[in-house]
Amino acid sequence: MSNIPAELRYAASHEWVRPEGDGVYTVGISEHAQELLGDMVFVELPEVGSNVSAGDDVAVAESVKAASDVYAPISGEILAVNEELEDSPELVNSDPYGDGWMFRIKADDESELAELLDAEGYENSIDEE
């Protein structure tokens with residue numbers, strides 16, 4: 001069974017969201033998603049300063065098996081990207097909830113977080129796949 005940290009919120013499309021304070025959130029893909037994709041070979045990250053809407057495809061995670069879009073779980077401005085992934089995309093595999101984070105976003109509307117799944121809801125959604 002995949003590790004699904006209880007303190008995070010999840011999109012059905014397998015992104016996780018962690019609050020950092022002041023309306024800023026860190027986003028990555030879940031352990032389940034990286035297991036499905038396999039070994040990462042390249043991660044294309046969004047542009048810092050760009051404004052995105054919830055559901056927009058903002059990044060691409062490319063593995064030995066497939067390339068998969070990564071979607072913005074909430075609307076806002078991209079504040080930072082994890083530049084370590086350029087040289088070490090495998091961090092997404094080895095530490096999806098830590099060093100494998102993808103980007104930080106300043107939320108336009110924090111009420112969008114209520115539309116995301118809690119750990120139990122996310123676990124139920126992947127059990128149904």
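**Entry 1: the sheet**

I began at one pair of residues and found that Val-81 has Phe-103 in E9 as its bridge partner. Before going on, I noted that this is a predicted model, in which local features need pLDDT of at least 70, side-chain atom pairs count only at pLDDT 80 or more, and totals for chains, interfaces and linings use all residues. Residues are numbered from 1 along each chain as its sequence is written, and side-chain values use heavy atoms, with hydrogens and water left out.

I then looked up the strands around that pair. Strand E8 (residues 76–81) runs antiparallel to E9, with five bridges between them. Gly-76 also has a partner in E9, namely Ala-107. I took strands as DSSP runs of E with at least two residues, and helices as runs of H or I with at least four, numbered from the N terminus. Two strands pair if DSSP finds at least two bridges between them.

What is the strand order of the open sheet? I read it as E1-E2-E3-E9-E8-E5, six strands with antiparallel pairing. The edges are strand E1 (9–10) and strand E5 (51–52), each pairing on one side only. As a reminder to myself, strands of a sheet pair through backbone hydrogen bonds.

**Entry 2: E3 and its neighbours**

Next I checked strand E3 (residues 24–29). E3 pairs with strand E2 (residues 15–21) in the antiparallel sense over six bridges, and four bridges join E3 to strand E9 (residues 103–107), also antiparallel. I found Thr-26 opposite Arg-18 and also opposite Arg-104 in E9. Val-24 faces Lys-106 in E9.

Is E3 mostly covered or mostly open? I found six of its six residues buried, where buried means under 20% relative accessible area, exposed over 50% and partly exposed in between (1.4 Å probe, protein chains only). Val-24, Thr-26 and Gly-28 cover one side, while Tyr-25, Val-27 and Ile-29 are buried on the other.

**Entry 3: charges**

How many salt bridges does a search of the whole structure find? I got one, counting a side-chain nitrogen of Lys or Arg within 4 Å of a carboxyl oxygen of Asp or Glu. The side chains of Arg-18 and Glu-20 meet in a salt bridge at 3.0 Å, N to O. Arg-18 counts as partly exposed because its relative accessibility is 21%; Glu-20 is partly exposed too, at 39%.

**Entry 4: surface patches**

I looked for patches last: residues with over 30% relative accessible area and no salt bridge, joined within 9 Å for like charges and within 5 Å for nonpolar side chains (Val, Leu, Ile, Met, Phe, Trp, Tyr). Glu-77, Asp-108, Asp-109, Glu-110 and Glu-115 form a negative one. Glu-115 sits in the loop between E9 and helix H4 (119–127), and counts as exposed because its relative accessibility is 69%.

A nonpolar patch is made by Val-41, Phe-42 and Val-64, with about 280 Å² of accessible area together (Shrake-Rupley method, 1.4 Å probe, only the protein chains shown counting as cover). Phe-42 belongs to strand E4 (residues 40–44) and is partly exposed, at 40% relative accessibility.

How values were computed: Lys and Arg count as positive and Asp and Glu as negative; His and the chain ends are not counted. The place of a charge is taken as NZ of Lys, CZ of Arg, CG of Asp or CD of Glu.
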